[in-house]
2 protein chains.
Amino acid sequence: MNRRKRVTTQCFECKNASCFVKQCSPEYIGLISAKKNQIKINKGQYIFREDSPVFGIYFIQQGRVKVVSSNIDGKEQIVRLAGDGHILGHRGYGGETHPVGAVAQNDVWVCFLDNALLYDAFKANFEFLYAIMMFYSKELRKSEQRSKYFAQMTVEERVIFALLYISESFGLEGMEGSPLITLSRQEIADIAATNADQVSRVLTSLKNREQVSMEGKNIILADLEGLKKSIARYTTSYS
Amino acid sequence: MNRRKRVTTQCFECKNASCFVKQCSPEYIGLISAKKNQIKINKGQYIFREDSPVFGIYFIQQGRVKVVSSNIDGKEQIVRLAGDGHILGHRGYGGETHPVGAVAQNDVWVCFLDNALLYDAFKANFEFLYAIMMFYSKELRKSEQRSKYFAQMTVEERVIFALLYISESFGLEGMEGSPLITLSRQEIADIAATNADQVSRVLTSLKNREQVSMEGKNIILADLEGLKKSIARYTTSYS
DNA sequence: ATGGCTGTCTGCGAAAACGCAGATAAATGA
DNA sequence: TCATTTATCTGCGTTTTCGCAGACAGCCAT
């Protein structure tokens, strides 16, 4: 279903410094370059779907991605936002199927490494495997921290958290350089674990307090510090 | 503060088959045996505290442990229950401090491997590092699955989930072989992300439906299948 | 411009969950 | 054993959150 296009960027000439593949030895970087599958996914398309079999892991070369997981009623929940240098599909690695799906938020270029290639690379490159393990460790910390926060926060606090998380993940700028959020009310709700109605209510309230302003239907975080302060009792990082 | 006692069980004579250390080469198992720190922690004592520095990882040889994380109001949340062969402190590995604390639920024996020993063992034993990475991957899946479920479930469903989780983690048996739960209302609440009052209410309701019965203040899951059925629309595993 | 489509906002009633406080039961120590 | 402490249960009023429905605004194609 995805419209996929083969392109050719060798890893050693890739400008993405944070890519995990860079942890491998030069010879292996060459091998991975040759064997990897570089794919372009158009905006709105799935990179992989929930419950699809796990063939390998994706490394984001460029683009913005949302990782989603749908619940019983078919409603979506956004588990994570990912950008350049991040990896995708690692949740499923070692399992049968992907517990989540990944959707391109704009045009995205990813490098796909299949299970066999990955296994060989892990075996031959301690630094690579170790870096990926550390990444998992960090992801686990963040995941549990987040579920701890969400269990305590009110809807308003969760929405503010979501806004800050989005701005930190995607880092867009609106007029006057303030952080800009282009996701829909529903998508914000999917992050904040609530519904679009509540997001609207919170936004109205934040508008009245002049902590956010609108640019069309996009949101500008006018008073970033004020927003951060209102959830500072929980945390200082939003990722 | 902990009352700790040195004992001496060599890894190769340890009956715990699922210990990750078994993934290492025979020579390394010997080395770890010699360098590890085997400790007994008495019931109720901390194995490590939240926010304490990370010196290494603990491997549970025998015993039951609850992993807790306290929130703003000082209330505790139980993140995980762990038993024989499980590891502790891995959440903090790679970070500065432990994001969680670990408390012995009964007398516990653990083997402590410090950071330097671990790093050497990882570097020299691909299978060991790979197994730990897979463990992280699985933990991440479970953590996110759980927070997804908890966002959707009602209080009653979360309490039932907690009961099933406890019985699966600690596997105790009461009279007639039915699963037995010895945790307090407050501890159950700490798992189900609610408070002790609500747990009481749910238990009363479950008693009326004859799905659970009491043995003193302990809980017997009289109708295990019925309980499972009532949350089957979410999941079939509770770990 | 016009009509239709989609996304957003907001008022209202209903449901869920909470917190408190008093009653009751169980466990502990002298 | 009895008294004291701790844990559990339950009723009630309050707060939070939700879901629905109608109003409104912006965007697109004709």
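**View 1. Strands S5(A) and S6(A) are joined by 6 bridges and run antiparallel.** The model is predicted; local features need pLDDT of at least 70, side-chain atom pairs count only at pLDDT 80 or more, and totals for chains, interfaces and linings use all residues. Residues are numbered from 1 along each chain as its sequence is written, chains are lettered from A and ligands numbered from 1 in the order in which they are written, and side-chain values use heavy atoms, with hydrogens and water left out. Strands (E, at least two residues) and helices (H or I, at least four) are DSSP runs numbered from the N terminus, and two strands pair if DSSP finds at least two bridges between them. A:Val68 has A:Ile78 as its bridge partner in S6(A). The hairpin of S5(A) and S6(A) has 5 residues between the strands, and in this hairpin A:Gly74 adopts a positive phi near 85 degrees. Of the 7 residues of S6(A), 6 are buried, so the strand is largely enclosed by the rest of the structure; buried means under 20% relative accessible area, exposed over 50%, and partly exposed in between (1.4 Å probe, protein chains only).

**View 2. Four strands of chain A form an open sheet in the order S3-S8-S5-S6, with antiparallel pairing.** Strand S3 (46–48) and strand S6 (76–82) of chain A are the edge strands, each pairing on one side only. Neighbouring strands of this sheet are turned against each other by 35 degrees on average, direction ignored. Strands of a sheet pair through backbone hydrogen bonds, either parallel or antiparallel. Between strand S5 (residues 65–70) and strand S8 (residues 101–104) of chain A, which run antiparallel, there are 4 bridges. Opposite A:Lys66 stands A:Val103 in S8(A). Helix H4 (residues 155–170) of chain A lies across S5 and S6 of chain A and runs at about 40 degrees to S6(A). Such angles run from 0 to 180 degrees between the N-to-C directions of axes, which are lines fitted to C-alpha atoms, for helices over the stretch in contact; contact means heavy atoms within 4.5 Å.

**View 3. Chain A is assigned domain 1 (5–142) and domain 2 (153–230).** The bounds come from an automatic or database domain assignment. Taken over C-alpha atoms, the centres of domain 1 and domain 2 of chain A are separated by 28 Å. To the contact, domain 1 of chain A contributes 10 residues and domain 2 of chain A contributes 10 residues.

**View 4. An open sheet of 3 strands in chain A has the order S10-S12-S11 and antiparallel pairing.** Strand S10 (180–181) and strand S11 (213–215) of chain A stand at the edges with a single partner strand each, so one side of each is left without a neighbour in the sheet. Two strands, S10(A) and strand S12 (residues 218–220) of chain A, pair in the antiparallel sense over 2 bridges. A:Leu180 faces A:Ile220 of S12(A), standing opposite this residue.

**View 5. The whole structure holds 26 aromatic pairs over all chains.** One of them is the edge-to-face pair of A:Tyr119 and B:Tyr130, at 5.1 Å centre to centre and 85 degrees between the planes. A:Tyr119 belongs to helix H2 (residues 115–124) of chain A and B:Tyr130 to helix H3 (residues 126–152) of chain B, so the pair joins two chains. A:Tyr119 is partly exposed at a relative accessible area of 26%, whereas B:Tyr130 is buried at 13%. Rings of Phe, Tyr and Trp (its six-membered ring) pair if their centres lie within 6.5 Å; planes under 30 degrees apart count as stacked, over 60 as edge-to-face and the rest as tilted. One aromatic cluster is formed by A:Tyr93, A:Tyr119, A:Phe122, A:Phe128, B:Phe126 and B:Tyr130.

**View 6. In chain B, the charged end of B:Arg146 sits over the ring of B:Phe150, 5.9 Å from its centre.** The charged end of B:Arg146 also sits over the ring of B:Tyr165, 4.7 Å from the ring centre. A charge sits over a ring if NZ of Lys or CZ of Arg is within 6 Å of the ring centre and within 35 degrees of the ring normal.

**View 7. Helix H5 (residues 185–192) of chain B is mostly covered, with 6 of its 8 residues buried.** The buried residues of H5(B) are B:Glu187, B:Ile188, B:Ala189, B:Asp190, B:Ile191 and B:Ala192. Just after H5(B), B:Ala193 has a positive phi of about 55 degrees.
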